[in-house]
Amino acid sequence: MSLKSRFCPKCGKETEKLLDSLCSSCYSGKPNVKVPNQKNVLQCVKCDMIYNKGFWTRPKKDIESYLIKRIRESIRLPDGETLIDVKLLELGKDAELLIRSEVGDEKLERIINGKFEIKKYCCPACSREQGIDYTAKLQLRATKDHAKFVEEALSYIREAAPKVSKVEPMLKGVDVYLVNQRLAKQAARRIKKHLEVTMRESYRNYSWDHENDRPKRRITILLKQKLRK
Ligand SMILES: [Zn+2]
Ligand SMILES: [Zn+2]
């Protein structure tokens, strides 16, 4: 036993140095120490952009360093203790974080178990392209040979409007969601020219266009295969 050894008044463990009159493990768990056990960074699965400071932006460095920065910013250490570095030993739902710091010439290490994740998400711009904020919907309805009718109609849609955002199978055909209304109409005209269909358009207001002070409208175009006698 070294002459310098002392005992921690809290846990009774023998230690060479007392920090704020506690052993280093008791000191680490003091209530004035604040370490996060959960932080995440949202990243879009489609375009790889991340949500940072209230905006979706293109990341300038690797995503993990954004997460580390976010963790660092939420760490609170008592006066006299300084943060050395933060390392993610394991990422995810069962993540492990290593926080290294020092008090005087004493080095401290804290291992934190928690959720530190890069969460996969779909950013608003990509959601729009997915058809969640579409402006045109083409309803293709077959009376016979469903698959062939849909396939042909889709090929005309792709020619006119290459940006098809979503195709949803329905009982007698498909619903096709498009971002661009003008191209959707073009596609519908093309289908009408090549296939025997009846066409019906309808509009619905879905929000207000503040810039032009008028309602934003969504168009639905029903293209129904004619029943041949
Ligand atoms: Zn102790
Ligand atoms: Zn995106």
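Modeller: Helices are DSSP runs of H or I with at least four residues, strands are DSSP runs of E with at least two, and both are numbered from the N terminus. By this rule the chain has 5 helices and 13 strands. Residue numbers start from 1 along each chain as its sequence is written, while chains are lettered from A and ligands numbered from 1 in the order in which they are written. This is a predicted model, in which local features need pLDDT of at least 70, side-chain atom pairs count only at pLDDT 80 or more, and totals for chains, interfaces and linings use all residues.

Biologist: How do you know where confidence in the chain is lowest and where it is highest?

Modeller: The basis is pLDDT, the predictor's confidence in each residue, from 0 to 100. Helix 3 (residues 124-130) has the lowest mean, 70, and helix 2 (residues 63-73) the highest, 95. Over the chain the mean is 86, and 94% of the residues reach 70 or more. Where pLDDT is low, the predicted coordinates should not be read in detail.

Biologist: What separates the centres of domain 1 and domain 2?

Modeller: The distance is 45 Å, taken over C-alpha atoms. Domain 1 covers 32-124 and domain 2 covers 131-225, bounds that come from an automatic or database domain assignment.

Biologist: How do you know how the chain compares with a compact globule of 229 residues?

Modeller: The radius of gyration is taken over C-alpha atoms, and the globule rule is 2.2 Å times the number of residues to the power 0.38. That rule gives a value near 17 Å for 229 residues, but the chain has 30 Å. Along its principal axes the C-alpha trace spans about 105 × 40 × 25 Å.

Biologist: Are Asp 20 and Leu 22 buried, partly exposed or exposed?

Modeller: Asp 20 has 13 C-beta neighbours inside 10 Å and so counts as partly exposed. Leu 22 has 18 and is likewise partly exposed. Asp 20 also has a positive phi, about 55 degrees, without being a glycine. Leu 22 sits in the loop between strand 2 (14-15) and helix 1 (24-28).

Biologist: What does Leu 22 touch beyond four places in sequence?

Modeller: Two residues are in contact if their C-beta atoms, placed from the backbone, lie within 7 Å. On that basis Leu 22 touches Cys 8, Lys 10 and Tyr 27.

Biologist: What makes strand 11 largely enclosed by the rest of the structure?

Modeller: Of its 6 residues, 5 are buried, so strand 11 is largely enclosed. Buried residues make up 20% of the 229 residues in the chain.

Biologist: What makes up the largest nonpolar core?

Modeller: A nonpolar core is a set of buried Ala, Val, Leu, Ile, Met, Phe, Trp, Tyr and Cys residues joined through C-beta atoms within 7 Å. The largest has 22 residues, and Leu 138, Ala 153 and Leu 178 are among those with the most contacts inside it. Strand 9 (136-141), helix 4 (146-160), strand 11 (173-178), helix 5 (181-194) and strand 13 (214-225) each give two or more residues to this core. Helix 4 supplies the largest share, 5 residues. Apart from this core lies another of 7 residues, including Val 41 and Leu 67.

Biologist: Why is Met 199 called partly exposed?

Modeller: Met 199 has 13 other C-beta atoms within 10 Å, and is therefore partly exposed. Met 199 is found in strand 12 (residues 197-209) and touches Ala 188, Lys 192, Ile 221 and Leu 223, leaving out residues up to four places away in sequence.

Key: A residue is buried if 20 or more other C-beta atoms lie within 10 Å of its own, exposed if 12 or fewer, and partly exposed in between; C-beta atoms are placed from the backbone.
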